[in-house]
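Here is a walk through one protein model, taken a piece at a time. Keep the sequence and the coordinates side by side as you read.

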Amino acid sequence: MSTSKTILIADDEYSIVSYQKEIIENYQPGHEIIVSYDGADAFQKYKRYKPELLLVDVAMPIMSGLELIKSIFKIGEKPLIWAITGNCNRTKMIQLKELVNDKILLKPFKNNDIEYILDIL
């Protein structure tokens, strides 16, 4: 890692957020990690902090991860976004793949999955 980045983790499962945060802090310390537990709050935090990487759960309350990603793209921005899902039907998976250019992480994921994402950041 050459420079510190801002990373937004958006997931309504506290244990998943803690796990992702721990992996990032242990593998590449120094990143600023912003956390959100619903899509609407994540969108506001995105606009405020302009993170270089977003790890977005697809199924979140208030605004889904899919709606969050579309909202970010609608304002004309294209940050690096990885969609995370544990349960997605075929139609939604096709839509998601097109939206994030196949950057999809399936739950349950492992440490090295997040480490790979950090390596390409």
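Begin with a charge and a ring. The charged end of Lys-78 sits over the ring of Phe-73, at 4.1 Å from the ring's centre. Bear in mind throughout that this is a predicted model.

Now turn to the sheet. Five strands form an open sheet in the order E2-E1-E3-E4-E5, and the pairing is parallel. Strand E2, residues 32-36, and strand E5 are the edges, each pairing on one side only. On average, neighbouring strands of this sheet are turned by 20 degrees against each other, with direction ignored.

Look next at strand E1, residues 6-10. Five bridges join E1 to E2, and the two run parallel. Two of the residue pairings can be traced directly. Leu-8 has Ile-34 of E2 as its bridge partner, and Ile-9 has Val-35 of E2.

How many of the five residues of E1 are buried? The count is five of five, so E1 is mostly covered by the definition of burial as under 20% relative accessible area. The side chains divide between two directions. Thr-6, Leu-8 and Ala-10 point one way from the strand, while Ile-7 and Ile-9 point the other way. Both sets are buried.

Helix H2, residues 39-49, lies across E1, E2 and strand E3 (53-57). Against E2, H2 runs at about 155 degrees. The loop between H2 and E3 holds Lys-50. Its backbone deserves a look. Most residues other than glycine have a negative phi. Lys-50 has a positive phi, near 50 degrees. At 39% relative accessibility, Lys-50 is partly exposed.

Is Gln-20 buried or exposed? Gln-20 counts as buried, because its relative accessibility is 0%. Which residues does Gln-20 touch, leaving aside its neighbours within four places in sequence? Its contacts are Ile-9, Asp-11, Leu-55, Ile-84, Phe-109 and Ile-114.

Met-93, Leu-96, Leu-99 and Val-100 are buried in H4. Seen down the axis of H4, the buried residues fall within an arc of 130 degrees, so they line one face of the helix. The spacing rests on a general rule. An α-helix has 3.6 residues a turn, so residues three or four places apart point the same way.

What does the buried side of H4 pack against? Its buried residues meet helix H3 (65-74), strand E4 (80-85) and strand E5 (104-106). The face of H4 turned away from the buried side carries Arg-90, Thr-91 and Glu-98, which are exposed.

Just after H4 comes Asn-101, with a positive phi of about 55 degrees. Asn-101 lies in the loop between H4 and E5. This residue is exposed, with a relative accessible area of 55%.

Most peptide bonds are trans. The bond from Lys-107 to Pro-108 is cis, with omega near 0 degrees. Pro-108 is found in the loop between E5 and H5.

Finish with the aromatic rings. The structure holds three aromatic pairs. One of them joins Trp-82 and Tyr-116. The ring centres are 6.3 Å apart and the planes stand at 85 degrees, so this pair is edge-to-face. Where do the two partners sit? Trp-82 is in strand E4 and Tyr-116 is in helix H5, residues 111-120. The pair therefore ties together parts that are 34 residues apart in sequence. Trp-82 is buried, with a relative accessible area of 10%. Tyr-116 is partly exposed, with a relative accessible area of 46%.

Key
Residues are numbered from 1 along each chain as its sequence is written. This is a predicted model: local features need pLDDT of at least 70, side-chain atom pairs count only at pLDDT 80 or more; totals for chains, interfaces and linings use all residues. Side-chain values use heavy atoms; hydrogens and water are left out. Buried means under 20% relative accessible area, exposed over 50%, partly exposed in between (1.4 Å probe, protein chains only). Helices (H or I, at least four residues) and strands (E, at least two) are DSSP runs, numbered from the N terminus. The arc is that of the directions from the helix axis to the C-beta atoms. Contact means heavy atoms within 4.5 Å. Two strands pair if DSSP finds at least two bridges between them. Axes are lines fitted to C-alpha atoms, for helices over the stretch in contact, and angles run from 0 to 180 degrees between N-to-C directions. Rings of Phe, Tyr and Trp (its six-membered ring) pair if their centres lie within 6.5 Å; planes under 30 degrees apart count as stacked, over 60 as edge-to-face and the rest as tilted. A charge sits over a ring if NZ of Lys or CZ of Arg is within 6 Å of the ring centre and within 35 degrees of the ring normal.
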